[in-house]
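Dear colleague,

Please find below the structure that I am handing over to you. My notes on it follow.

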Amino acid sequence: MDLLQIAGTPIFWKALLQIIIINIILSGDNAVVIALAARHLPKKQQRNAIFFGSAAAIVLRVLLTIFAVQLLQYPYLKIAGALLLVWIGAKLLLPEEEHTEGGINSGGGLWSAIRTILIADLVMSLDNVIGVAAAAETGPPEARFALLIIGLGLSIPLIIVGSQLLLKLMERWPIIITLGAALLGFVAGEMLASDPAVDQWFLAIHPHIGYIVGLAGALLVLAIGKMWAVQSMKKAAHAP
């Protein structure tokens, strides 16, 4: 049976629908980081950063999904990813002028913003792609790779629209920037608590400890971001 015939079967459409639903649910945090990374760019570059960043992130997610189940069995990988995500979230809270000097840059140009989007999406996708891969596994074996590409490709407009909406909301209500950075910290905390090297230790404390660690991660990002912002203002005040 060729791919066109398989695409007409109910099992194919069931698996595709599951992938689309998973992507709708999981696109929120990706839209947040894209909007945060692009918010200091000129309007035209904002659109380019959102489009190219989203498209590149989806391609990256397809590739990552292929290896996700095997990758996530390695201990300490999620811990490293969580620490990187905390750093990204805190950097995105810095004042605009500081972004031109920091390692993760949301105001230093189009490619710098796209780099931030890719790094953050790579880290946040470690858990997300497992759900997508599991949904694809419920489809016909011959069409599983095609299901991944089609399903993830359909999520591009969802992320683009979500990012553009968040950019407009951030201009009106800057508190959303803080909430977005806190969300990245929360994702980092949950990721850390589910790493194979420490998950049993955390589960022994409480079955839902991931939420508590996630909240701690959100608070950590806000604290570090605030500390760096204060240091940045002091540095600017003493500059000649």
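**Surroundings of Gln46**

Gln46 touches Ala38, Arg39, Leu41 and Leu167, leaving aside residues up to four places away in sequence; contact means heavy atoms within 4.5 Å. The model is predicted, so local features need pLDDT of at least 70 and side-chain atom pairs count only at pLDDT 80 or more, while totals for chains, interfaces and linings use all residues. Residues are numbered from 1 along each chain as its sequence is written, and side-chain values use heavy atoms, with hydrogens and water left out.

Gln46 belongs to helix α3 (residues 43–71); helices are DSSP runs (H or I, at least four residues), numbered from the N terminus. Gln46 counts as buried because its relative accessibility is 7% (buried means under 20% relative accessible area, 1.4 Å probe, protein chains only). A polar atom of its side chain lies 3.2 Å from the backbone oxygen of Arg39.

**Nonpolar cores**

The largest nonpolar core has 33 residues, and Leu36, Leu85 and Leu184 have the most contacts inside it. Such a core is a set of buried Ala, Val, Leu, Ile, Met, Phe, Trp, Tyr and Cys residues joined through side-chain atoms within 4.5 Å. Helices that each supply at least two residues of this core include α2 (10–38), α3 and α6 (144–172). Another core, of nine residues, lies apart from it and includes Ala15 and Ala136.

**Packing of α4 and α9**

The axes of α4 and α9 are 8 Å apart, at an angle of about 45°; axes are lines fitted to C-alpha atoms over the stretch in contact, and angles run from 0 to 180 degrees between N-to-C directions. Val86 and Trp87 of α4 and Leu220 and Trp228 of α9 are among the residues that make the contact.

With kind regards

Methods
Buried means under 20% relative accessible area, exposed over 50%, partly exposed in between (1.4 Å probe, protein chains only). A polar contact is a pair of N or O atoms within 3.5 Å; within protein, one must be able to donate a hydrogen and the other to accept it, and residues adjacent in sequence count only if both atoms are side-chain atoms.
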